[in-house]
Amino acid sequence: MKNNIIILGGGQAGIYAAREIRQNDSESNIKILGEENLLPYERPPLSKDFLLDKKNEEDLYFHSSEVLKNENIEFENILINKVDFENKKLFAKNDDVYSYDSLLISTGSENKKLSLDDNLKNDVYYLRNLEEAKKIKEIVSNKNKITIIGGGFIGLEIASSLCQLQKKVTVIEIGNQLMGRIIPKQIADLVQNAHIEHGNEIILNKQIEKITKKNGIYEILLNDNSLIETNFIIAGIGSTPSVKLFENTNLKLDNGIVTNQFCETSIKDVYAAGDVSNFYHPLYERNMRLESYQHAQNHGICAGKNIAGVKTEYSSIPWMWSDQFNLNLQLTGICDDYDEIIERGNDINNGLIYFFLKKNKIRGACGVGIIGKVGRDIRITSKLTEKDTIVDKQILSDQNLKLNKLIQK
Amino acid sequence: MSEENWIEVGSIDSIEEEDLIRFDHQDKTFCVYKLTDGFYATDGICTHEAVHLEDGLVMDDEIECPMHQGIFNIKSGEALSPPACEDLKTYPVKVDNDKIFIKID
């Protein structure tokens with residue numbers, strides 16, 4: 001049957017969903033509506049290789065317009081400002097109306113903003129999209145002292161990149177460790193050491209009282225009365241799902257759009273995937289919202305299958321990475337629900353991993369090491385988690401014993 | 001096919017089954033794999049970012065990059081899963097007298 005399928009949101013989840021739908025359905029119209037006038041592109045390099053000039057804009061696109069054309073997937077740059085779920089219509093700012101039979105919402109997430117005086121609103125920069133990355137890249141080229149507010153993944157990756165561009169970088173974090181939302185303190189402390197060794201200043205446990213601007217120089221007053229002078233401020237203080245469009249509708253929202261394990265929302269024929277979705281994970285038996293590359297891709301693919309009528313449960317084990325200096329940090333599963341922690345390795349050069357177990361099964365793991373050193377073990381850990389395997393703790397804790405011995409074939 | 005292009009990698013016992021070793025020759029680096037049906041060779045560096053695949057995971061006919069989980073088919077070099085999108089170069093392999101050789105062009 002030929003349907004009108006609309007994908008609202010032109011990011012990674014959206015493009016992967018579109019291509020997956022086409023794999024299973026050669027007839028339906030597939031249209032992606034994107035807010036940015038750009039084909040879907042990879043975001044991870046924006047804070048790293050793009051700032052460092054190792055990758056340019058052309059390297060970031062997932063697929064060329066040729067691929068989309070060949071697969072008969074339309075992409076339109078348009079801002080939707082009203083949704084009528086009852087009559088299955090989307091309304092654009094320019095009064096255009098889009099009717100759908102099935103809708104996928106993949107609007108992603110947006111940066112939380114600092115509450116600042118009006119005269120400083122345009123002085124603090126954020127990094128989520130290509131335009132912002134370009135702006136930051138251009139401005140930092142003639143600034144020396146840079147302050148980053150927020151010690152999460154994005155702030156630290158920018159700090160690492162700017163340090164490599166010979167900038168004097170200060171990171172201010174409100175919590176008592178870096179990356180505190182999801183990374184165990186032991187690992188965060190090792191990453192912190194790496195930043196300090198490279199010359200970055202890390203300030204923990206401090207709140208910002210006031211920012212003032214004098215002659216193009218910013219003064220940041222902290223709650224211990226210390227003052228930081230800086231030429232440029234970037235903030236990375238978390239994100240929220242992009243759901244404003246749906247706030248006065250029947251769509252069930254709770255930290256994003258609530259979906260089941262089939263990417264279905266509370267409204268029939270409306271699906272959600274990627275950062276915007278608070279989805280039910282059958283293995284962890286709870287809802288969760290993830291902001292990661294792997295999730296955007298796999299959740300998009302899963303939504304695509306379900307929209308095309310191939311009923312598919314989403315049970316992918318969460319996985320994410322961060323690259324800072326010569327370190328690669330990886331996280332798999334969920335590390336906040338455990339009754340035992342097991343350590344593997346004790347040296348960042350060979351990589352070290354903390355496993356989080358519950359009832360002798362791995363629920364999650366977090367590792368860090370020189371690039372390449374933890375990936376294989378983290379990947380095997382994902383497989384062990386997925387298969388709900390009862391693990392031999394001796395093998396887990398001994399870096400000389402290969403983890404793939406634990407995989408039951 | 002001239003004989004001198006075949007470079008000795010090592011003995012067939014130097015690789016466990018469903019595993020790989022790194023092999024450096026002149027200024028190039030390779031991965032040599034032992035799969036259930038024989039030996040294979042590819043370039044050593046992931047086509048996505050400059051990380052060596054020696055620390056990657058071999059599963060069936062696939063090698064997965066340890067940095068960002070890009071996946072390649074070991075036999076064809078085909079990039080199977082993003083973020084890898086560029087194929088990995090493969091090289092012919094032969095076994096002679098229990099020794100592995102790869103043909104480098």
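**Figure 1. An open sheet of three strands in chain A has the order E13-E14-E15, with antiparallel pairing.** The model shown here and in the other views is predicted. Strand E13 (208-214) and strand E15 (227-230) of chain A stand at the edges of the sheet; each has a single partner strand, so one side of each is left without a neighbour in the sheet. From one strand to the next, the twist averages 20 degrees.

**Figure 2. E13(A) runs antiparallel to strand E14 (residues 217-222) of chain A.** Six bridges join these two strands. Within the pair, Lys210(A) stands opposite Leu221(A), a residue of E14(A).

**Figure 3. An open sheet in chain A is formed by five strands in the order E22-E23-E26-E25-E24.** The pairing in this sheet is antiparallel. The edges are taken by strand E22 (319-324) and strand E24 (340-344) of chain A; because each has a single partner strand, one side of each is left without a neighbour in the sheet. The twist of this sheet averages 15 degrees from one strand to the next.

**Figure 4. E22(A) pairs with strand E23 (residues 327-333) of chain A.** The two strands pair in the antiparallel sense over six bridges. Trp321(A) stands opposite Gln330(A), which lies in E23(A).

**Figure 5. Helix H6 (residues 185-197) of chain A packs on the five-strand sheet.** The strands touched by H6 are E22, E23, strand E25 (352-358) and strand E26 (361-370) of chain A. The direction of helix H6 makes about 10 degrees with that of E26(A).

**Figure 6. Helix H8 (residues 375-386) of chain A lies across E22, E23, E24, E25 and E26 of chain A.** Helix H8 runs at about 170 degrees to E26(A).

**Figure 7. Cys263(A) and Cys335(A) are shown with their nearest cysteine sulfurs.** A disulfide is a covalent bond between the sulfur atoms of two cysteines. With a cut-off that requires the sulfur atoms to be within 2.5 Å, the count comes to zero disulfides over all chains. Cys263(A) is in no disulfide, and the nearest cysteine sulfur, that of Cys302(A), is 4.0 Å away. Cys263(A) is buried, with a relative accessible area of 0%. Cys335(A) is in no disulfide either; for this residue the nearest cysteine sulfur belongs to Cys366(A) and is 5.8 Å away. Cys335(A) counts as buried at 16% relative accessibility, because buried means under 20% relative accessible area.

Note on methods:
Residues numbered from 1 in each chain as written. Chains lettered and ligands numbered in written order. Predicted model: local features only at pLDDT ≥ 70, side-chain atom pairs only at ≥ 80, totals over all residues. Heavy atoms only, no water. Pairing = 2+ DSSP bridges. Helix = DSSP H or I, 4+ residues; strand = E, 2+ residues; numbered from the N terminus. Axes fitted to C-alpha atoms, helices over the stretch in contact; angles between N-to-C directions. Contact = heavy atoms within 4.5 Å. Buried < 20%, exposed > 50% of the residue type's maximum accessible area, 1.4 Å probe, protein only.
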